[in-house]
Amino acid sequence: MQAIMANGYPIEFNAAGYSALNQYIAQKKYSTVFVLTDAHSHEYCAPHFLSLLETTAPVEIIEIEPGESMKTIQTCVELWTLLTEMGADRKSLLINLGGGVITDLGGFVAATFKRGIDFIHIPTTLLGMVDASIGGKNGVDLGLLKNQVGVIHNPKLLLIDSTYLQTLPARQMRSGLAEMFKHGLIHDAHYWTQLSHLSDLDVNDLDALIHRSVAIKNEIVSQDPTENGIRKALNFGHTLGHAIESHFLNSDTPLLHGEAIALGMLMEAFISHQKGYLTAADLQAIKTGLQTIFPPFTITEEDQQYIREYLIHDKKNEYGQIQFALLEGIGKTRLHETVENELITAAFDFLNN
């Protein structure tokens, strides 16, 4: 699998990626290599990773509890303190081995510790591989508001090893597929068509699909690293999706990121149709494609009120206006779209029915 060059760092794949990783670490002569992981990745992924890691520097494992609830400033304070106590210096390396929470959190910790130490991402979930680890966004949540505090700072290397996906439950795999679907919808109609016929594919196709998804996100991010223009297309499904995810985070029915984004994409595709940007046939194709992977989910009127409040705090808002990235056909987006309250209500009705 051919490496992809991002903004100043390589994205490496599978077995060849470990050669690149070990060569890079040897060249940099790090004082210590710290590996940040969570309990799940430590158990299921760290043995494989450590068996392939080659370095003369001391290696220290830092384990935290899994889950979005760990993505807080308080966790950062604990990690900054722990790194200090363990003797980390400006020549230390932090390797983030885990899903999106670990790469988001670890990247932020590294980018801010001693004004910045080097870090490398090794995502172990499908969502982490195709989305969270790419593009330099690192950060933490503020209460239930997702990713409110953070920086854009790139890793020195990103290694994607699909071997780790063998450890994932089916629900986590589906969560990652949502972001892959999004990449097709906003940028590549052919890729969308491939993904919407997943039943015709086998596990051997997965590496190629992941590679294409990574290439799409990297292509968009490389044009607009700081999200002033085209990178905003990646927010399709996320304006409503993040608000839905935030609301249900502490409920009896919490949603995974991809599950919430799938709901957001369905609603925002409906809004795109209602605004005249998307045909009825395309809307139906999107609905059918998403519903083959994600089960139906009903959002009550009471839940909708709370979700609307989260929309007000969306970090993409400008001048008090909620900003949407909508579809203009499959494979193309319209940015800086505002949406009336009545249309959001109609989108909830569409989702529920």
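**Reading salt bridges**

Guide: Lys 137 is partly exposed, with a relative accessible area of 33%. Buried means under 20% relative accessible area and exposed over 50%, with partly exposed in between (1.4 Å probe, protein chains only). This is a predicted model, in which local features need pLDDT of at least 70 and side-chain atom pairs count only at pLDDT 80 or more, while totals for chains, interfaces and linings use all residues. Residues are numbered from 1 along each chain as its sequence is written, and side-chain values use heavy atoms, leaving out hydrogens and water.

Visitor: What is a salt bridge, and how many does this rule give?

Guide: A salt bridge is a side-chain nitrogen of Lys or Arg within 4 Å of a carboxyl oxygen of Asp or Glu. The count here is 16.

Visitor: Which residue forms a salt bridge with Lys 137?

Guide: The partner is Glu 227, with the closest N and O atoms 2.4 Å apart. Lys 137 is in strand 7 (residues 137–142) and Glu 227 in the loop between helix 9 (206–223) and helix 10 (238–248), 90 residues apart. Helices (H or I, at least four residues) and strands (E, at least two) are DSSP runs numbered from the N terminus. Glu 227 is buried, at 17% relative accessibility.

Visitor: Where do the partners Lys 146 and Glu 245 lie?

Guide: Their side chains form a salt bridge at 3.4 Å, N to O. Lys 146 is in strand 8 (residues 145–152) and Glu 245 in helix 10, so the pair ties together parts 99 residues apart in sequence. Lys 146 is buried at 8%, and Glu 245 is buried at 3%.

Visitor: Which residues are linked with them in a network?

Guide: Glu 68, Lys 71, Asp 104 and Asp 141 join Lys 146 and Glu 245 in a network of salt bridges.
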